[in-house]
Amino acid sequence: MRQESIRNVAIIAHVDHGKTTLVDQLLKAAHVFRANQQVADRVLDSNDQERERGITILSKNISINYKGVKINVIDTPGHADFGGEVERVLNMADGALLIVDAYEGPKPQTRFVLSHALNRGLRIVLVVNKIDRPNADPSAAVDKVFDLMVELGASDEQLDFPIVYASAVNGYARFEPEDDNMDMIPLLDTILEEIPAPEVDVDGPVALQICTVDHSSFVGRIGVGRLHSGIMHEKEPVVVIKNDGSSYNTIIKKVHTFENLDKVEVTEAYAGDIIAIIGVEDADIGDMVTDRENPVHLDPIAVEEPTMAVVFEASTSPLVGREGDIVGARQLKERLMKEKESNISMRITELEDHSGIEVAGRGVLHLSVLMETMRREGYEFQVGRPQVIIKTDEHGNKLEPIEEATVDVPDEYAGKAIEVMGNAGGIMVDMIPADGITHLTFTIPSRGTMGLKTRILNATRGEANLFHHFHEYGPYSGEMAGRKNGSMIAMSTGKSVAYALDTLQQRGRMFVGPGEECYEGMLVGESAKEGDMVVNVEKAKALGNQRSSTADKAIQLTPPITFTLEEALEYIQDDELVEITPKTIRMRKRLLSAIDRKKASKNN
């Protein structure tokens, strides 16, 4: 039986193609907000970092009621570091809105999520957004999407996709780019007509598979998933079947459904709806919550394994406590263990010697989002260089994570891009030239992706688009060359002086400007040559009692290089650390004293 009163639709889009703005307009069109209600733009990007970075980090569920039908809208992250979210949330959908820019067409990140949607057999509705842009070419964007779907192996039925043209920023959707419709109704109508209603058995045994896990400090873990059959009641006795086959009995304390932007408590929920349940104490991805008498088994959901790990430690910087309120090792451990409760896609464990906490995630961006969240909460800590997680096969051979990387680059820079990828250990798999843009596909060790985006952009004058996601574990490809240039390391603690920096900038690139707090062992610049050099950033001009025959030259300092958190993590070497405070990101040597570093190098 089809549950005609429900539609479950996922939204797929590349960064900055207008997904969140489009959802805002759908909410307005369905009169979710009161006429006088103050509404923030980009409602789905509720997290500060999502707004600043322009990316979706956490999947979210909202619903829209239109013509008596409840449309559950599932927001999907586009970045592969959050790919674990993508695969899970698509389990809850029967169709997807694919949003592409009318000028840019589909991009590599779109490709990643779209391939998962097609593999699941979802019905795709194409939304060509930003048709009001100058130089927009909607028909070319449609052709590119068709070609991409053919390449990804879409079925004939999936290739016969409906198309809606839209300008989310102006609040209209149209069946043809030139018609004069000025509201979002065509898109809402298309969702009702084209996205299939969920196929369910309302009279069957209760069967819910948990696809995402939320966390509340009041009620603990909250399991979110689609109810495949039956009716879930409050205080329902159920059995929870774990991924490993073990099971236990429990009682569902509360049932919530998604209404507009909020969760609403209900006494019962019907098959086909997306619901949140409270009462499953250790809810995990893939757990089956089902009837005790007639348990239902569904295919397990694989949570992607982390591929990169970093160690969090309490800060040992001489400047510790000046900018952060929370600096203790115990508080750092408590915060990370709290994160472990709610963040299923990360693996968080304390090191055996209790010197730090190892956090494993899907990539540098995934890890840096947690670090950024913590520094905004007032934490001050230090982290080492991210390391890929190495495995061994049954024959004892080392295996490392291999990523599939795609680069879209103008034809004239294709050679440069191939050279950069080759130097990072990439092996070219495919090369497709099209309309002045060359589409390159590589397999590359995850270690080779550290700092790769910066190198690709530099080599192609900012014209390349790089996207990579985990592909498989493959044979270890040997040692890789690290950073060639040495570091300039401060020799003492104090404030940097313009006179000293003026001399030093002739020998490399500086990371600090005049008047900044520095300390012994801190990285203050990059040398133009190999090998580290210890420098004095406090050196002031010697003042004599004689007048100079020539007037002093005006000191002209080149602006220092500033690093984002991800750039700093990718820049440092194994013997260096990133110090993270609420106000500053500094890089430093693990051993601050030059004497200690000499002893360590002799012992090695």
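Gly 171 counts as buried because its relative accessibility is 10%; buried means under 20% relative accessible area, exposed over 50%, and partly exposed in between, with a 1.4 Å probe and protein chains only. This is a predicted model, where local features need pLDDT of at least 70, side-chain atom pairs count only at pLDDT 80 or more, and totals for chains, interfaces and linings use all residues. Residues are numbered from 1 along each chain as its sequence is written, and side-chain values use heavy atoms, with hydrogens and water left out.

Gly 171 sits in the loop between strand 6 (163–167) and strand 7 (172–174). Strands are DSSP runs (E, at least two residues), numbered from the N terminus. Leaving aside neighbours within four places in sequence, Gly 171 is in contact with Gln 25, Met 182, Asp 183 and Met 184. Contact means heavy atoms within 4.5 Å. Gln 25 lies 146 residues from Gly 171 in sequence, yet their C-alpha atoms are 5.7 Å apart in space.

Two strands pair if DSSP finds at least two bridges between them. Strand 8 (residues 207–216) and strand 17 (residues 288–290) run antiparallel, joined by 3 bridges. Ala 207 stands opposite Thr 290 in strand 17.

Last, the cysteines. Cys 211 counts as buried because its relative accessibility is 2%. Cys 518 is buried too, at 0%. The structure holds 0 disulfides, a disulfide being a pair of cysteine sulfur atoms within 2.5 Å.

Notes. Helices (H or I, at least four residues) and strands (E, at least two) are DSSP runs, numbered from the N terminus.
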